[in-house]
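This briefing concerns the model displayed below. The points that follow are grouped by topic.

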Amino acid sequence: MRALFYLTKQSLVNNVKRAVKKPITLLIMIGGIIYGVFVIVMLGQLVRTVKVDSVRGLLAIVTIWTIYMFFGNFASYSSRKGIIFRPAHAHFVFPAPISPKLILIHGAWMNYLLSIIVAIVFFIAGITVFQIEVWRMLLFFLTGCVLELLMEGSIMTYLYANDRISAENMKWVGRIIRAFLIGVSLLIILYFRRYGLTLESAWSFFDWPGLQMIPFVGWNISAYHLILLGPAPLNIVCTTLYLLSVAGMFAVARHMKCEGGYYEDAAKFADDYAEMKQQKKNGEMVTSVGKKKKKFRRVKEHYEATGAKAIFYRQLLEYKKEKYFIFSKMTLLTLFIAVFFSYMMKDSVTETGMPQMILLGIVGYMTLITTGYLGKWENEIKSPYLFLVPDSPIKKLWYSTLMEHIKALADGCILCIILGTAWGVRPGQIAMAVLIYTVLQANRMYIKVVVQCLLGDSFGKTGQDIIRMLIQMMTLGLGIGAAVLVGTLINIDFVFPIILIYSIIVTVIIGLLASFRFYSMEQFA
Amino acid sequence: MLEIQELSKSYGKHLAVDKVNLFIPDGQVGVLLGPNGAGKSTIIKCIAGLLRYDGRIGIQGIGAKKLEAKKLFSYVPEMPSMFDALTVREHIEFVRNAYNSSAEDEYIEEMLKRFELHDKQDKLGNELSKGMMQKVSICCALVTLPKVILLDEPMVGLDPGAIKELKAVLLELRDKGATVLISTHMLEMVEELWDIMFVMEKSHIIGSYKKDEVGEKDLDALFFEMTGKPDKGGEKR
């Protein structure tokens with residue numbers, strides 16, 4: 001345990017030292033703390049404003065929180081993914097002569113910290129906002145900090161570290177837990193189906209006896225009923241059951257044999273998590289940890305190309321092997337946005353009388369927000385082979401991004417044709433909107449190359465994206481301003497061609513600047 | 001002493017290690033040779049307790065999963081992974097605490113000097129190159145004063161000076177009675193180290209030799225004799 005404490009303490013100390021050395025990180029940390037306190041104070045005021053600053057109000061909030069935490073913890077622990085280990089744990093900690101249970105409990109310290117912070121916030125809010133007696137809030141705090149943590153730690157240990165149950169059987173335990181969670185969710189849904197989704201039914205839900213009878217989570221909520229509202233037959237019985245279940249789970253977890261069978265899953269998850277962090281660091285949009293090994297289709301086509309053109313055909317070959325060719329999550333998101341807004345905004349857009357302008361606005365917005373969207377071209381610059389190809393930098397830039405332009409054209413068609421048709425935009429304007437979308441995506445890509453080239457690793461990916469957005473807004477804003485001016489003063493029909501021509505000119509210029517990046521691997525910064 | 005009996009390990013339907021038996025007595029260097037994907041790293045990871053497996057692994061006669069056994073062995077993985085926020089020295093201190101090692105400061109200083117890490121003690125884990133990480137990993141393994149030491153491709157990423165030093169350190173450990181197991185496919189790197197060799201292919205140990213049994217034959221010749229793979233001239237033996 002001494003070694004694990006040493007590890008945590010030194011890591012914390014060094015992280016703080018590092019943060020102090022970097023004023024921006026320190027400012028972000030201080031800003032985050034101030035923001036956190038501000039949000040809590042605002043929530044306290046909100047509770048007063050909407051008049052839920054009563055015992056029942058606190059009970060409602062703690063019920064929602066308990067259900068939320070219970071679901072989150074059970075779901076992640078049952079799939080052995082709730083505790084974040086690093087690859088360094090697999091190297092230094094797992095092979096060390098430290099009890100696997102201790103390593104597990106230590107690994108989840110961040111989870112406990114969150115529970116303790118929340119319990120402290122509830123304690124302070126209970127006394128100040130909800131005007132509850134101190135002794136009741138002390139009991140409340142102890143339930144949150146001691147009983148809940150004991151329960152969580154025991155369940156976690158049982159699900160992770162049980163070496164007696166085979167891996168296959170453990171999967172079944174996980175499935176049963178997930179089925180239980182689905183059952184609890186269905187019960188809550190059924191309640192609201194029966195009593196309707198109204199404010200009254202929601203308030204009654206928190207007093208509903210059925211809720212307190214749900215094993216573990218309901219019994220836990222029942223303990224809060226007992227503390228805050230006083231004894232009643234139901235909450236006495238359910239709280240007793242909760243205490244017994246905590247004691248039982250703790251005893252099982254304590255005496256359970258564990259020789260580190262979970263290390264295999266934990267090490268795999270640590271690698272997947274590290275990969276996900278790296279992808280995020282690279283600015284990619286990551287939706288899950290630990291993707292399954294990708295399966296590729298067999299391709300019979302044979303392509304031949306020389307010079308930089310070979311880059312394009314290699315990418316084409318790679319995309320042909322993909323399950324959905326060039327269509328990705330981005331295509332799905334674009335389709336969803338197009339279908340959603342075409343119906344949701346139809347009436348309000350038609351009322352404005354200028355649906356084409358709204359379409360243009362959405363096209364511009366989509367270009368600015370899609371920062372996490374990376375294609376195969378992003379990896380081209382990282383590969384030394386690109387710089388060894390005997391061709392001009394402009395051609396290398398063009399052919400390594402050509403497939404992205406085709407993808408942008410496809411996404412642009414989906415977005416603009418669906419929205420434009422639903423909103424009654426003229427076909428000519430829809431076609432121009434598609435081209436504007438494609439050019440703006442190219443513009444985004446090229447500005448990103450220029451920004452990366454000039455800044456190197458400074459400001460991080462988020463900082464670089466903000467700078468990229470600012471440059472894009474500044475360069476394109478001029479053209480948009482001019483187009484709007486001409487549109488207002490002369491003819492609204494000029495807006496689309498002006499924006500299209502202007503964006504093409506700007507994009508070509510930025511593209512030429514970006515091509516410098518393709519001279520050598522070394523960046524300017 | 002390292003003893004493996006009927007060790008099997010599957011990843012889903014893929015059988016990575018199939019009923020492997022292996023024994024290395026005290027004071028000997030064993031080398032586990034084989035092509036990529038033969039199952040060498042899987043065996044090492046099983047011994048280190050990082051994988052579930054069937055069979056029995058004994059460290060000085062104690063089951064490898066027991067904490068008493070873990071105190072006796074140390075592990076140098078193929079890919080070192082450092083804690084980002086720990087310095088080189090803190091990694092070593094952590095290991096010293098974890099193993100309750102009796103290694104004294106002078107010994108640590110000497111190891112750091114031998115692996116040219118002495119002036120890099122305050123560098124954080126995320127500031128180290130792959131080669132430096134490997135050196136830290138080796139120093140951490142040595143700080144535990146192991147009775148059994150496992151090294152998975154330990155020479156990869158090391159500079160010639162560090163390779164020479166590592167070989168010397170391993171021979172010193174052997175001379176003090178420790179058991180050494182090195183998994184590698186770089187035959188020339190372990191030529192002067194080995195006492196007993198095991199060749200793995202397709203999840204099995206296909207053969208083993210003791211150095212005193214083979215006379216003047218080098219490792220290279222013995223390896224290709226067993227695997228039947230093309231020799232320098234491209235001919236099959």
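**Briefing on the predicted model**

In this predicted model, the largest nonpolar core comprises 133 residues, and those with the most contacts inside it are Val136(B), Cys139(B), Ile149(B), Leu150(B) and Met197(B). Helix α5 of chain B, residues 130–143, gives the most to this core, with 9 residues.

**Nonpolar cores**

- Cys139(B) touches Ile92(B), Met111(B), Leu112(B), Phe115(B) and Leu117(B), when residues up to four places away in sequence are not counted.

**Contact between chains A and B**

- The two chains meet through 27 residues of chain A, which are in contact with 27 residues of chain B.
- On the side of chain A that touches chain B, the elements giving two or more residues are α1 (2–21), α4 (87–93) and α13 (263–281) of chain A.
- The element that gives the most to this side is α1(A), with 8 residues.
- By residue class, the side of chain A that touches chain B divides into 15 nonpolar, 8 polar and 4 charged residues.

**Domains and annotation**

- Chain A is divided into domain 1 (1–51), domain 2 (55–266) and domain 3 (309–518).
- Between domain 2 of chain A and domain 3 of chain A, the C-alpha centres lie 46 Å apart.
- For chain B, UniProt places the feature "domain: ABC transporter" at residues 2–227, in an unreviewed entry.
- The span of residues 2–227 of chain B is 35% helix and 27% strand, and its end C-alpha atoms lie 25 Å apart.

**Helix α1 of chain B**

- In helix α1 of chain B (residues 40–47), 8 of the 8 residues are buried, so this helix is largely enclosed by the rest of the structure.
- The buried residues of α1(B) are Lys40(B), Ser41(B), Thr42(B), Ile43(B), Ile44(B), Lys45(B), Cys46(B) and Ile47(B).

**Helix α9 of chain B**

- Helix α9 of chain B (residues 219–227) has Leu219(B), Leu222(B), Phe223(B) and Met226(B) buried.
- These residues lie on the same side of α9(B), because they cover an arc of only 100 degrees around the axis.
- The elements of chain B against which the buried residues of α9(B) pack are β3 (29–33), α7 (187–190), β9 (196–201), β10 (204–210) and α8 (211–214).
- Gly228(B) follows α9(B) and has a positive phi, near 70 degrees.

- Most residues other than glycine have a negative phi.
- Lys19(B), which is not a glycine, has a positive phi near 45 degrees.
- Lys19(B) is placed in strand β2 (residues 14–24) of chain B.
- With 14 other C-beta atoms within 10 Å, Lys19(B) is partly exposed.
- Glu116(B) is not a glycine, yet its phi is positive, at about 55 degrees.
- The loop between α4 (105–114) and α5 of chain B holds Glu116(B).
- Glu116(B) has 15 other C-beta atoms within 10 Å and is therefore partly exposed.

Key:
Residues numbered from 1 in each chain as written. Chains lettered and ligands numbered in written order. Predicted model: local features only at pLDDT ≥ 70, side-chain atom pairs only at ≥ 80, totals over all residues. Contact = placed C-beta atoms within 7 Å. Helix = DSSP H or I, 4+ residues; strand = E, 2+ residues; numbered from the N terminus. Nonpolar A, V, L, I, M, F, W, Y, C, P; charged D, E, K, R; others polar. Core = buried A, V, L, I, M, F, W, Y, C linked by C-beta atoms within 7 Å. Buried ≥ 20, exposed ≤ 12 C-beta atoms within 10 Å, placed from the backbone. Domains from an automatic or database assignment. UniProt positions renumbered as here; feature names shortened; annotations may be inferred. Arc of directions from axis to C-beta.
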